[in-house]
Amino acid sequence: MTVLDPRLSAAESPLAPLTVITPTSMDEALRLLAAPDAAVLGGGVGHTLRRHDRRPAVATTLVSVGSLPGLGDITWSAGGVSIGAGVKLSACAADPRLTAAWPVVTEAAGSVATGRIRRMVTLGGNIAALDDSHDPPVALTAVGAELLVRGTGGSRTLAIGDLRELRADELIEHVRLPLPTASDAVRSGSAYEKFLVRGVWEYACVNVGAVVGLGADGTAVRLSLAVGSVTGGPVAVDLSELLGAPFDQRLVAEAAGVAVAATRPYSDVRGSAAYKSRMIAEFSRRALTAAARRAGQDPSAPAVPGGNR
Ligand SMILES: Cc1cc2nc3c(=O)[nH]c(=O)nc-3n(C[C@H](O)[C@H](O)[C@H](O)COP(=O)(O)OP(=O)(O)OC[C@H]3O[C@@H](n4cnc5c(N)ncnc54)[C@H](O)[C@@H]3O)c2cc1C
């Protein structure tokens, strides 16, 4: 046998030892996280992937936060719903009250990988990984979620779009969602659409979340669209110019055009940038249409006479 390189291959090299600590209070967790080699442990899926890469481990101490009081609960109040960062994606996806309020969020959580993986991945870990193709952050951007984060300096609130401001010594405690607007004057619906090139579990080629609010006369009073798997994603698409117009196929087509103009896809194994732009248009149309149907209006139905712009 000819040995070209006597060093161990990446696959043979031993893994660096790792310490996992389960604190019993938030104060203890924050004290532990202040160490330079410490990182938050959610479900551990992302940490495990990184260790399989056999790259030098960044963190040698993992501080498990999933079992801290309150971080594993979904709680409701008059102001909205608060999802603990330690809640597993499987629990988010299966929550009936959350599905009734924000199907866009439960559909996104339920679209992640496989049931086994969803039972491990936490909402906080999925968000904190800062991966533009992750599904829940796209839905949370469409909904206008906020993150309650905690560090040794205290607590603060971050808009989901400002997630990159999360500091290394801070952890996400809760994800807060407003309640959908629903009254006699406004009907609301939301939907999540994910395009998988191969049709099996994998990261999205394109993922889109939409929230639609409709006035009694069928005009758009709220339009939120978020697009993932693009540069700087998830991108919140500004559709304010279309508010006040009848929610019909023309509006949906215009919104899809705005989404394409507002996003910069990159070419990768899931498709060229040009192909993804076409998919962004198509899946924006689908998400907005599905959200409107949930709000009780079908934009593909024949227009009401005099209702067109
Ligand atoms: C086969 C496979 C398929 C996948 N498919 C998808 C998919 O389709 N869609 C998708 O969205 N994702 C997918 N993922 C990715 C998965 O959602 C991420 O790896 C996710 O980050 C794992 O979450 P976790 O709770 O296990 O986090 P961990 O591995 O514990 O942590 C991930 C990162 O977040 C930090 N962190 C964890 N919790 C917190 C917190 N509360 N506050 C601050 N920082 C925190 C950690 O320090 C670490 O940096 C897939 C993963 C695998 C293995």
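User: Before we start, when do two strands count as paired here?
Analyst: Two strands pair if DSSP finds at least two bridges between them. Keep in mind that this is a predicted model.

User: Good. What is the strand order in the open sheet of 4 strands?
Analyst: The order is E9-E10-E11-E12, and the pairing is antiparallel. Strand E9 (186-195) and strand E12 (235-237) are the edges, each pairing on one side only. On average, neighbouring strands are turned by 15° against each other, direction ignored.

User: How many bridges between E9 and E10?
Analyst: There are 10 bridges, in the antiparallel sense, between E9 and strand E10 (residues 206-215).

User: Switching to the inside. How many residues are in the largest nonpolar core?
Analyst: That core has 34 residues. Those with the most contacts inside it include Ile 83, Val 105, Leu 140 and Leu 177. Among the elements giving two or more residues are H5, strand E5 (80-84) and strand E8 (171-178).

User: Which element gives the most to this core?
Analyst: H8 does, with 5 residues.

User: And what does Leu 177 touch?
Analyst: Leaving out residues up to four places away in sequence, its contacts include Ile 83, Leu 98, Trp 102, Val 105, Leu 140 and Val 143.

User: What about the second core?
Analyst: The second core is separate and has 32 residues, including Val 206, Val 208, Leu 214 and Ala 259.

User: Back to H8. How many of its residues are buried?
Analyst: 9 of its 9 residues are buried, so by the cut-off each is under 20% relative accessible area. Among them are Asp 135, Pro 136, Leu 140 and Thr 141. Just after H8, Gly 144 takes a positive phi of about 85°.

User: Now E3. Which way do its residues point?
Analyst: Thr 61 and Val 63 point one way from strand E3 (residues 61-64), while Leu 62 and Ser 64 point the other way. All are buried. In general, side chains in a regular strand alternate between the two faces of the sheet.

User: Which strands pair with E3?
Analyst: Strand E1 (residues 19-21) pairs with E3 in the parallel sense over 3 bridges. There, Val 20 stands opposite Leu 62. Strand E2 (residues 38-41) also runs parallel to E3, joined by 4 bridges. Ala 38 has Thr 61 in E3 as its bridge partner.

User: Ligand next. How many residues surround it?
Analyst: 31 residues surround the ligand. The closest are Val 40, Gly 42, Gly 46, Thr 122 and Asp 135. Asp 135 is also one of the buried residues of H8.

User: Last one. Is Ala 274 buried or exposed?
Analyst: Exposed, because its relative accessible area is 54% and the cut-off is over 50%. Ala 274 lies in helix H10 (residues 273-294).

Conventions:
Residues numbered from 1 in each chain as written. Predicted model: local features only at pLDDT ≥ 70, side-chain atom pairs only at ≥ 80, totals over all residues. Heavy atoms only, no water. Buried < 20%, exposed > 50% of the residue type's maximum accessible area, 1.4 Å probe, protein only. Axes fitted to C-alpha atoms, helices over the stretch in contact; angles between N-to-C directions. Core = buried A, V, L, I, M, F, W, Y, C linked by side-chain atoms within 4.5 Å. Contact = heavy atoms within 4.5 Å. Near = heavy atom within 4 Å.
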